[in-house]
Amino acid sequence: MKHVVVLGAGRVGGAMAKDLAPDFKVTVADRSEAALARMQAAGLTTLAADLSTPDGVKAAVAGADLVVGSVPGFMGFATAKAVLEAGKPLVDISFFDEDCFELDALAKQQNLTAIVDCGIAPGCHNIILGDLSRQWDRITSFETLVGGLPVIRNWPYEYKAGFSPIDVIEEYTRPTRYVKDGKVVVFPALSEPELLDFPGLGTLESFNTDGLRSLIKSFPGIPDMKEKTLRYPGHIEKMRMLRESGFFNKEKIRVAGVEISPLDLTTALLFPMWFMEEGDEDFTVMRVTVEGEKDGRPVRHQLNLLDRYDRATKTTSMARTTGYTCTAAVRLLAKGGFSRKGISPPEFVGQEPGAWTFIREDMAKRGVVFTEG
């Protein structure tokens, strides 16, 4: 039985560890005693580890056959680099800001497979696009709408963070890249708001976020590509107000003789309000639309997802959709269904015949079901 080390025992990392445990020997590494205690209560092997340093990461993965990365985005690149330097294959969901291909030479030098950005979006939508790209003659447009939201809408933000809250704020501040008429264009995050109706949910608002990531490099011939995040109506204006007022700035300012980062103050106030308590129910909604040509005819493919909190296992929908994409990729890797060496964003996985079918079916076994639009 292969030994999988999961780096990070947070909400998503914990869900992945539990999902992998029946099929692998699993160890969960984290420095949080409370998080590790929850894993121990679930019957999992744990390891107290400081993942903020390369030496700490290398020590944590020393006995692993395969590593799953689930640390906050600001730690992701350094963590992935340390895992590869330790000679371990990797499947990662940390969504770090740096260019993943900067690690490609290292991964190839070590003869390792490393799948990055392997969550729901980025992740699943990349795999879908990769799968269609090998079947169609040409793809002309690609759009993803995706969001994770609480069922109960509490004022003022009507939002709970289904993953690392600091990574949520990154979505509101990181410039947005998408492709229009064959050119990469850059807009501020939270731009181009739209109101959209979703069956069973009602009206949500969408806004630009930087979710295309590696797809811009992988598919330079697609003339139109866009990814947008979904929230309850009104959320955009609240976040824009905070951003434009400086509350998300990292540079320290002096207040009453004390130096403090506005972002540190904002997170101290916001995160308790955004924290998902045990039993808080959420849902994930996603719509992927791809258009193109096949056999000389126009084709259009749409996949929809509406996933909800699992009351039986008390697993949030965001942990399920993000985590089970990653664990499906782990199983694909373990059975030899994908073996490309180097850094592989999920679209490379999708281009492997049968990979998307395997991942989609593996997720469906866990109740995460995509339907045709």
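Leaving aside neighbours within four places in sequence, which residues is threonine 113 in contact with? I looked them up: Pro89, Leu90, Leu333, Phe338, Ser339, Arg340, Lys341 and Gly342, where contact means heavy atoms within 4.5 Å.

A note on what I'm working with: this is a predicted model, where local features need pLDDT of at least 70, side-chain atom pairs count only at pLDDT 80 or more, and totals for chains, interfaces and linings use all residues. Residues are numbered from 1 along each chain as its sequence is written, and side-chain values use heavy atoms, with hydrogens and water left out.

Back to Thr113. I found it in strand β6, residues 113–115 (strands are DSSP E runs of at least two residues, helices H or I runs of at least four, numbered from the N terminus). Threonine 113 counts as buried because its relative accessibility is 5% (buried is under 20% relative accessible area, exposed over 50%, partly exposed in between, with a 1.4 Å probe and protein chains only). Its side chain reaches the backbone oxygen of arginine 340 at 2.9 Å.

Next I checked helix α2, residues 33–41. Its buried residues are Ala35, Leu36 and Met39. They sit on the same side of α2, because they cover an arc of only 95 degrees around the axis (taken from the directions from the helix axis to the C-beta atoms). Glu33 and Ala41, on the other side of α2, are exposed. I also noted what the buried residues pack against: α1 (11–20), β2 (25–30) and β3 (45–48). After α2 comes glycine 43, with a positive phi near 85 degrees.

Terms used:
A polar contact is a pair of N or O atoms within 3.5 Å; within protein, one must be able to donate a hydrogen and the other to accept it, and residues adjacent in sequence count only if both atoms are side-chain atoms.
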